[in-house]
Amino acid sequence: MTEVKKRALRKYYYVAFKQMYEEIAEGIVKVTNPDGRTGVFQWNGKYLEGDLTQANLHMLVWTGGPPLPEAFSYHWIETPIDVNRKSGWPAPYETIVDYQIGQW
Amino acid sequence: MSMVEDKKDAKTAKAGARRETPYPEHLVRETPPYRPGVMRVPVDRFFKQAYHDLEVERIWKKTWQWACREDEIPNVGDYVVYEIAELSFIVVRTAADEIKAYWNSCLHRGRRLCDFNGKRAEEFRCMFHGWAWNIDGTMKDMTCGWDFAGTRDEVTRLPEARTGTWGGFVFINPDPDCESLEDFLGELPDHYEGAGHDFAKRWAQVHVVADIACNWKVAQEAFLEAWHVNFTHPQMVRTPGDRASTGMRWDDFGNWMRNTPQLPTDKYKNPPGYATAAETEQQVVDQRWGFHLNEDPPIKVPEGEKANEVIKNVIREYHRSVLGDAIDDYHDVHMGGGEMVHIWPNMHPWGGFSRLLYRFRPYKSDPNRSLMDVVLMAPWPEDRPRPPPAPPHVLQPGQSIGDAPELGQLARIFQQDLANMPFVQIGLKTSRQGYVILSDHNEAPVRHWHDLYNKAMGFENGDYLAEESNK
Ligand code: FES
Ligand SMILES: [Fe+2]
């Protein structure tokens, strides 16, 4: 298992099933059931270990799927805009969305 | 119209009063519930070559379809190569106010005339033997024309597809006898421009194209209904105690269908929503921005307040930073989005400030592979020069949607949809049952889409291409 560095490991509560989903390494998620049983899964749904052998695939994706870089954690309705720049993006984003650069 | 009244209220009162104002007229406009009943659809259409081939003839050669944006081709001679299945068209600006589309095929021996999008073309010259046409489609240079006795009249003009524009989108229809784009769209423009959302003024800030291992209809159907949200996007919880919060109204406008939130003024009562209710208001905020429990959420719901109010305020203030106080002309109902529209056969422009725009296309001749365009149509102030539209960021097979972080939290949500689509494709192929079942209410738009499909394909009296046992 590869160690995840430089960002907080994600942890989400699955309201409908009252389970806790915790990212414990890159792409690896530990699930805790309300009855105390736990299981470890790959983010694509594959069971790895523990007495809890089944989990919700989409909570695994949400918790352990590809993470967003910090700067891109916005909600899409609030995608950063700078109306004073030719690119339309705030300056720090220009080097990141550089596939658009020829257009500016 | 109601927006005028909204504006008046906004001047005299603050956000609280806005809720008392009438809903926008286009949202109040209801149609009767869609033809009732469940629908069984044979699985064959999702993976068999015969359907793909017939779709090319009966849909892609016969239907109005969004090809590009007008501002992708701002200058005379600018062109886009629009490809759908294995058809290819050159969409070119021939004058400041004229856009034409040509079948992208040389009239000599058929080489594709243009391989890439281009700027300021003066001619379209074939790279095989050098025949060339002017950008207005007239013959310019028939190299060794003396050797083609009696054929000049046949090659004097490039065959055209019809073109039309709405909201800054360029549509084409390869069928010369088709109805006009205006007739095809019906009252749709009024639902956008009439409600203060003119796409022609928006900026295509992000454009991602995902290459997906499933049929284009499978991909599209993952975005035609919102019911799957409850299970495929289980983090999306709604206001505590309000299980009706995602109640759906589907309005059928012929070639397009719309989903809006249910309004208190609705004449036709729809079933209640199905969403998972959150346990706390904060959970509603957390899920929207993907905040998790190992971090201190940057946005907190103050004691005694509602998450939805906090969210609407963030959206309103964000838009104030882009559009100024013009944002106060808009009703709260435009803030959260959730107004979903699909236009036959493959275009999904969302309403309000949702800014989402999808398109689904078959990949070349492969019924098991498709392209999904995701565009974020950002608002932009009218008094500033609009940046050029984002060029497509094409994800290669094997890349995940996580490789397109410019989508923000949407990338993570799509990752969940993508965790279904290829497996729907596989499951359909191995289906012993041989058909899928579409529900009466929540899947009404999928039924609506298949009704249009059956009509276009000539399946009104049954899907004659399907295995007998699947019908
Ligand atoms: S195929 Fe185009 S000039 Fe010969
Ligand atoms: Fe989805």
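This is a predicted model: local features need pLDDT of at least 70, side-chain atom pairs count only at pLDDT 80 or more; totals for chains, interfaces and linings use all residues.
Visitor: Which residues hold the iron ion (ligand 2)?
Guide: The iron ion (ligand 2) is coordinated by B:His228 and B:His233, each through NE2, and by B:Asp417 through OD atoms, at 2.1 to 2.6 Å. Along the chain, these donors follow the spacing H-x4-H-x183-D.

Visitor: Where do B:His228 and B:Asp417 lie?
Guide: B:His228 is in the loop between helix H7 (216-221) and helix H8 (229-232) of chain B, while B:Asp417 is in helix H11 (residues 409-418) of chain B, so the pair ties together parts that are 189 residues apart in sequence.

Visitor: Is B:His228 buried or exposed?
Guide: B:His228 is buried, with a relative accessible area of 17%. B:Asp417 counts as buried too, at 3% relative accessibility.

Visitor: What about the angles at the iron ion (ligand 2)?
Guide: The angles among its 4 donor atoms run from 54 to 153°, and the site is irregular.

Visitor: Changing topic, which domains does chain B have?
Guide: The domain assignment gives domain 1 (4-43 + 188-469) and domain 2 (65-177) of chain B. Taken over C-alpha atoms, the centres of domain 1 and domain 2 of chain B are separated by 34 Å.

Visitor: And how many residues are in the contact of these domains?
Guide: Domain 1 of chain B gives 21 residues to the contact and domain 2 of chain B gives 15 residues.

Visitor: What area do domain 1 and domain 2 of chain B bury between them?
Guide: The two domains of chain B bury about 1,600 Å² between them, with 68% of it on carbon and sulfur atoms. On the side of domain 1 of chain B, B:Met347, B:Arg359 and B:Pro389 supply 30% of the area buried against domain 2 of chain B, more than any other three residues.

Visitor: How many salt bridges are counted between domain 1 and domain 2 of chain B?
Guide: The count between domain 1 and domain 2 of chain B is 1 salt bridge.

Visitor: How many does the structure hold over all chains?
Guide: Over all chains, the structure holds 39 salt bridges.

Visitor: Which residue pairs with B:Glu187?
Guide: The side chain of B:Glu187 meets that of B:Arg29 in a salt bridge, at 2.6 Å from N to O. This pair links distant parts of the chain, 158 residues apart: B:Glu187 is in the loop between helix H5 (181-185) and helix H6 (188-192) of chain B, and B:Arg29 is in the loop between helix H3 (25-28) and strand E1 (39-42) of chain B. B:Glu187 is partly exposed, with a relative accessible area of 30%, and B:Arg29 counts as partly exposed at 35% relative accessibility.

Visitor: What does B:Arg386 pair with?
Guide: B:Arg386 forms a salt bridge with B:Asp71, and the closest N and O atoms are 3.4 Å apart. B:Arg386 counts as partly exposed at 34% relative accessibility, whereas B:Asp71 is buried, with a relative accessible area of 18%.

Visitor: What about B:Asp141?
Guide: B:Asp141 and B:Arg125 meet through their side chains in a salt bridge, at 2.9 Å from N to O. B:Asp141 lies in strand E8 (residues 139-141) of chain B and B:Arg125 in strand E6 (residues 123-125) of chain B, so the pair ties together parts that are 16 residues apart in sequence. Salt bridges that share partners also join B:Arg316, B:Glu317, B:Arg320, B:Asp325, B:Asp328 and B:Asp332 into one network.

Visitor: Let us turn to the chains. How many residues of chain A and chain B are in the contact?
Guide: The contact takes 44 residues from chain A and 60 residues from chain B. Chain A and chain B bury about 4,300 Å² between them, 64% of it on carbon and sulfur atoms.

Visitor: Which residues of chain A lose the most area to chain B?
Guide: Those are A:Trp62, A:Trp76 and A:Ile77, together giving 19% of what that side buries.

Visitor: How many salt bridges are there across the interface of chain A and chain B?
Guide: The rule finds 2 salt bridges across that interface. Separately, the side chains of B:Arg288 and A:Glu78 meet in a salt bridge, at 2.8 Å from N to O.

Key. Residues are numbered from 1 along each chain as its sequence is written. Chains are lettered from A and ligands numbered from 1 in the order in which they are written. Side-chain values use heavy atoms; hydrogens and water are left out. Donors are N, O and S atoms within 2.8 Å of the metal (3.2 Å for Na, K and Ca); water is not among the atoms, so sites may look incomplete. Four donors count as tetrahedral if all angles lie between 85 and 135 degrees; four count as square planar and six as octahedral if opposite donors are over 155 degrees apart and all others between 65 and 115; anything else is irregular. Helices (H or I, at least four residues) and strands (E, at least two) are DSSP runs, numbered from the N terminus. Buried means under 20% relative accessible area, exposed over 50%, partly exposed in between (1.4 Å probe, protein chains only). Domain bounds come from an automatic or database domain assignment. Contact means heavy atoms within 4.5 Å. Buried area is the accessible area (1.4 Å probe) that two parts lose on being put together, summed over both. A salt bridge is a side-chain nitrogen of Lys or Arg within 4 Å of a carboxyl oxygen of Asp or Glu.
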